[in-house]
Each structure stands twice: as C-alpha cells, then as structure tokens.
Amino acid sequence: MTTQTNALTVIIVGGGMIGLSAALGLRQQGHRVHMVERSGRPTYSEQTELRVSALAHHSRALLQNLGVWQKLPSERLGPYTGMQVWDHDSFGEISFAAAEVDADDLGAIVENRVLEQALWDAAEASGVVMHAEEEVTAHQVDAEHAHVTLSSGQQLHGDYLIAADGARSAIRERAKLPISFWDYEQTGIVAVIETEQPHQGVARQVFLPTGPVAWLPLHDPHHVSLVWSADSDYAQQLLADDDKTFIHQLQAASDQCLGTLQLASQRVGFPLRMQYAQRWLQDRLLIIGDAAHSIHPLAGQGANLGFGDVIDLLAVFEQSPSQRSLRGWERKRKAAALTMITAMEAFKRGFGSANPLLKLVRGVGFKVANSTAPIKRMLVKAALGE
Ligand SMILES: Cc1cc2nc3c(=O)[nH]c(=O)nc-3n(C[C@H](O)[C@H](O)[C@H](O)COP(=O)(O)OP(=O)(O)OC[C@H]3O[C@@H](n4cnc5c(N)ncnc54)[C@H](O)[C@@H]3O)c2cc1C
C-alpha cells in the first residue's frame, strides 16, 4: 500500500462488487475508507450461484491489480474462448473466437457472490472499516465534506461519499439526482442448466422475438448459466411453468445447440429496467456502478461498465481529486454508459421485431459481419469491452 501524504477519508455505501472494488482500490492508495453495507459478509454454498457475470479483460485487469482475481477459486471461474450469436427466426448467425484478436480468451464467467466474498475479505484485510448490517439514514454533503448517519445512530465524517448502493440507490434518491429510465418490460430468468453436449467454453445467445436467451459456460463443461430475457407476461408464464414444461420451451429456443437440457437449479426472475442518472456528482457525493446506470443484460456489460467507473475513479484519486478532475471523470463515464445503453437499445429493438423486412436485414447483416474480417474484429473488440 502506498502511503499518501494527503490521505482522504472516503465513505462508500453499498458492498456489491463495484463498491467493494472501489473501497479496496482507494485503501490501497492509502486513503481511509469506510464501507457501509446493509447485508453481512457475502457467503456462498457449494452449489453454483444463480447470479453470474461475464467479465471483460479490463475488469479482470482491475481485479488482478487489486490482488483479488488470483484468490478466486478456479473451480468457480469459467473462462470463455468463443461466442456464438444467432437469430432464431432468420438465417443470421455470427461466431467469433479469442484467437481472431490474438487473445487467450474473451473473458471469464464469475459467480457474483464468489467475487464479492473475495473482495470483501481483501478490503477488510487491507484496513477498510466495514459497517455490516447498517444503512445510511441521513447524509449531507457540501463543497468540502460528507457526513452520514447510520441506522445504529453512529455518525461518520469524511471528505467524500460514494454511493454504490445499486439500481434502487437510496442515496441517489435522497440527493434528488434525476434519472432517465425506461422499463424494458422484460424479466431476466436465471438458472443453472446441465447440457448433454459440452459447452466448449463458448458463450451462446439466440435472439427470439420475445427476447434473447444466453447460455454462459461455467467451469463444469456440462453446466451453463442461463439468462433468459423475456417479455414480462411470457416470463411470468415461464416462471410459473413446472420444470418439464419450462425445459421443453428452453429446448425449443435452443435450436439443439447443446443437445438435451436439464434444470440443475431453481429459476429466479429479475425485472429489467434501463436507467441512468443525469448527474453523477453533487459536491462531495459521487455515484458509481448500477446506482449510476443499469442496462439490459443481453451484452453482459453492466458490471463491466461499473468496473470502468472504478478504474477511472482510482486514476483521479491517485492525484488528489478536485471538482474539475471529478467533472472530467463524470463526463467520461457518462459517455461510456450512454454509448452502451444506445447500443443495447438498438439491439433490443432490432431483434425484438418480427417485421419480415427487419428479419431479412438482420439475417443479411449477420452474414456480412460473419464473413468480413474487419467488421468481425470490431465486434469481438466490442464484446471485449475495448
Ligand atoms: C440477469 C442479469 C445478468 C447479468 N449479467 C451480467 C454480465 O454477464 N456481465 C456484466 O458485466 N453484468 C451483468 N449484469 C449486471 C450486473 O449484475 C450489475 O451491473 C452489477 O451487479 C452491479 O453491481 P453494483 O455493485 O453496482 O450493485 P449491486 O450488485 O446491486 O450492489 C449494491 C449493494 O448495495 C447494498 N445496498 C443497497 N442499498 C443499501 C443501503 N441503503 N444501505 C447499505 N447498503 C445498501 C446492497 O445490499 C448491495 O450489496 C447482469 C444483471 C442481471 C439482472
């Protein structure tokens, strides 16, 4: 840990993967850090967790620099070396491999809770003061200070307050930072699926008129993590179906890409909503991660965007932060989030349509992209979050 001559006191609210990585990074820079999390230390069982994230190279590089990636149990990580995306309703298909961009892999699938626990333990060991099972009941920020009151009545005083308390951020709401949002009217159903054929480290996604279905390769060659984003009425029906009916529908959606499928876990649904905060900075308050932006999981980029927020924030805190440098950070990160949100919306609208002309156009588009090396390379780079 480097010792800063002008170490700051930073209060972070929200111990998800984004808040915890910011806490650890700031502590490693020599700052004094408080972490307020309403739950306790994240725990997980031997069963594969239902929530997983496909992490891109920049996220992994951050976690490596923080010394956390090296501590993740390898049997809970699924590096993926290929991607296959196709349209259920047309002849369109595109597939790419890490080798096409001279990379060893395209990223890795990690179970959220496994990563959160490793981050929590590293943050605590580095000297971050953990306030578990606590919430912020009041906060004030001005041009020089930040103060919070916790549910236990304890008061914390710092130089900065960082809200990483997720999509329903209470701090953002209390600060009255306006958000733009639209409801996708879709639900993401997650489950672990056992496959007859090995997944071979390939992340697969098919676009149905009702939404995309993704199969993300886990460490076990016959286990994948399912993310089925479906229009809400259909999703409710899928969640209510018995296991046999659900698997039957999934099998039909899969175009037999992994042979016979079986459920290896329960199914859980998450409502999907796109939103971004119009301001990420208010005096000494900053918001990061899902508190600042949440996007459709179809490109698996929500957490990757949040890790991008942390990387750029750490660069600002490395050299004493100022309102000017923080405004620069806010501009850069908002642009990254808006670019991703716009791309996701275009994808969702393009693929959500059953219009025959659009189907033809996307079939042709896929074919052209799949056979044109520079376009393909560009798409692989986008998938890598570069
Ligand atoms: C189905 C699905 C699949 C996804 N797949 C991917 C993927 O493949 N790749 C990817 O990059 N992203 C993916 N995402 C997005 C990713 O899960 C999120 O972007 C990421 O989890 C956000 O992390 P976070 O730390 O910002 O927020 P969260 O994980 O929501 O953490 C917020 C934390 O704040 C705490 N908290 C909340 N309120 C308070 C309070 N008042 N006081 C104290 N603590 C509080 C919570 O307990 C929680 O620990 C997916 C999302 C979904 C829904």
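K332 is partly exposed because its relative accessibility is 49%, where partly exposed denotes the range between buried (under 20% relative accessible area) and exposed (over 50%), computed with a 1.4 Å probe on protein chains only. K332 forms a salt bridge with D312, with the closest N and O atoms 3.1 Å apart. This pair links distant parts of the chain, as D312 belongs to helix 7 and K332 to helix 8 (residues 323-352), 20 residues apart. D312 counts as buried, because its relative accessibility is 14%.

The model is predicted, so local features need pLDDT of at least 70 and side-chain atom pairs count only at pLDDT 80 or more, whereas totals for chains, interfaces and linings use all residues. Residues are numbered from 1 along each chain as its sequence is written, and side-chain values use heavy atoms, with hydrogens and water left out. Helices (H or I, at least four residues) and strands (E, at least two) are DSSP runs numbered from the N terminus.

**Salt bridges**

A salt bridge is a side-chain nitrogen of Lys or Arg within 4 Å of a carboxyl oxygen of Asp or Glu. By this rule the count comes to 8 salt bridges. Three of them are listed below.

| Pair | Closest N to O distance |
|---|---|
| E330 and R327 | 2.9 Å |
| D312 and K332 | 3.1 Å |

E330 and R327, by contrast, both lie in helix 8, 3 residues apart, about one turn of the helix. An α-helix has 3.6 residues a turn, so residues three or four places apart point the same way. E330 is buried, with a relative accessible area of 8%, while R327 is partly exposed at 30%. Salt bridges that share partners also join D309, D312, K332 and R333 into one network.

**Ligand shell**

An oxygen atom of the ligand is 2.8 Å from a polar backbone atom of A303, and a nitrogen atom of the ligand is 3.2 Å from one of R38. A backbone N or O atom of I18 lies 3.2 Å from a ligand oxygen atom. Taken alone the ligand exposes 1,000 Å², of which the protein buries 87%; these areas come from the Shrake-Rupley method with a 1.4 Å probe.

**Loop residue G300**

G300 is found in the loop between strand 21 (293-294) and helix 7. G300 is partly exposed, at 27% relative accessibility. G300 and L55 are 245 residues apart in sequence and 7.9 Å apart in space, C-alpha to C-alpha.

**Helix 3**

Helix 3 (residues 112-126) is mostly covered, with 11 of its 15 residues buried. The buried residues include V114, L115, L119 and W120. Helix 3 is followed by G127, whose phi is positive, near 105°.

Terms used:
A polar contact is a pair of N or O atoms within 3.5 Å; within protein, one must be able to donate a hydrogen and the other to accept it, and residues adjacent in sequence count only if both atoms are side-chain atoms.
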